[in-house]
Amino acid sequence: MDKIDKLVHLMKNSKKTIVLTGAGISTESGIPDFRSSTGLWAHIDPMEALSTDVLYNNPNKFYKEGFELLTGMTNAEPNIGHFMLAKLENEGFVDLLITQNIDNLHQRAGSKNIYEVHGNTREGYCTDCGEKVVIEHIKDKVKSGQVPPVCHRCGGILRPSVVMFGDGLPECFDKGWREVEKSELLIVIGSSLSVSPVNYLANICENLAIINLGETMYDYKAKIIINEKIGETLKTVYDRLNK
Ligand code: NAD
Ligand code: ZN
């Protein structure tokens, strides 16, 4: 039995399976991840460019550097890995998708039950009055030279609904935590599991499987580790589940 067969066996026998994805699932869509040597962050420090410290204390810098990194992701298209996860959910093999990604590609591929624990790049809000806006509203203001962009109601600074370094996590993280506790299998896909507190999910699950090209912080806990490319691996998993 190879590793993929072992994973297929676990999935067939699991009453509740949750998938946790990270930046690695979107590299095949052309979006750089954080920590591979070719990753975007070989040149820019995300902990600075995407931090609440810079956003609140130097909003001009945030809008000149960090914001563009975030909105650039929205031009990509979902890849076979995203599509296979949507099909696996549709056919009942995956119950919930928890993603650290903010690129919207799981939704666009057709996944339905998704917790975006690091927020999203579809919306934004006013840091003073909380008024919600669509991200295009912020983009338009920046394009027309309003940096930092401000709220039309109160003049407060607008920001994207992305969880940045220094921010707390949205409510769906706690919900996801409780779901993982109740699950029988967590499959981590394309994440180095080095961002807390999301990586703690790998610690509380009953069975852990990992599909990731590089090492992760929780390899020692995993029942199965598949160090292969995500797209083709998920396609094979899907085909074997349906054999
Ligand atoms: P990470 O960069 O720390 O880890 C990604 C992992 O995926 C690496 O170990 C890499 O070896 C592996 N990988 C890359 N391409 C792969 C492929 N084709 N097949 C198999 N494995 C592959 O990512 P992370 O753990 O998600 O942490 C990064 C943080 O940055 C997250 O919080 C996320 O919110 C954010 N981020 C998001 C995006 C996005 O939305 N697409 C992109 C960059 C960063
Ligand atoms: Zn406001």
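Select His-118 to begin. In this predicted model, His-118 counts as partly exposed, because 19 C-beta neighbours lie inside 10 Å of it and a buried residue would need 20 or more. UniProt, in an unreviewed entry, places the feature "active site" at His-118.

Apart from neighbours within four places in sequence, His-118 is in contact with Gln-100, Ile-102, Val-162 and Val-163.

Now zoom out to the whole chain. Colour by secondary structure and count: there are ten helices and nine strands. Along its principal axes the C-alpha trace spans about 60 × 35 × 30 Å. Take the contacts between residues at least 6 apart in sequence: 62% of them join residues at least 24 apart.

Domain 1 is made of 1-31, 78-118 and 169-243, while domain 2 is made of 32-75 and 123-162. Their centres, taken over C-alpha atoms, are 27 Å apart. Where they meet, eleven residues of domain 1 are in contact with nine residues of domain 2. On the domain 1 side, the touching residues are three nonpolar, seven polar and one charged.

Then turn to the nonpolar cores. In soluble globular proteins, nonpolar side chains tend to be buried together. Which residues have the most contacts inside the largest core? Select Val-19, Leu-85, Leu-186, Ile-187, Val-188, Ala-202 and Leu-208; this core has 38 residues.

- Helices: α1 (3-13), α5 (80-90), α9 (201-204) and α10 (230-241).
- Strands: β1 (17-21), β2 (96-99), β7 (185-189) and β8 (208-211).

Keep Val-19 selected and display its contacts. Leaving aside neighbours within four places in sequence, Val-19 is in contact with Leu-85, Val-94, Leu-97, Ile-187 and Ile-189.

Last, find the other core. A second, separate core has 14 residues, among them Leu-50, Phe-62, Ile-102 and Val-163. Two of these names have come up already: Ile-102 and Val-163 are in contact with His-118, where the tour began.

Conventions. Residues numbered from 1 in each chain as written. Chains lettered and ligands numbered in written order. Predicted model: local features only at pLDDT ≥ 70, side-chain atom pairs only at ≥ 80, totals over all residues. Core = buried A, V, L, I, M, F, W, Y, C linked by C-beta atoms within 7 Å. Buried ≥ 20, exposed ≤ 12 C-beta atoms within 10 Å, placed from the backbone. Helix = DSSP H or I, 4+ residues; strand = E, 2+ residues; numbered from the N terminus. Contact = placed C-beta atoms within 7 Å. Domains from an automatic or database assignment. Nonpolar A, V, L, I, M, F, W, Y, C, P; charged D, E, K, R; others polar. UniProt positions renumbered as here; feature names shortened; annotations may be inferred.
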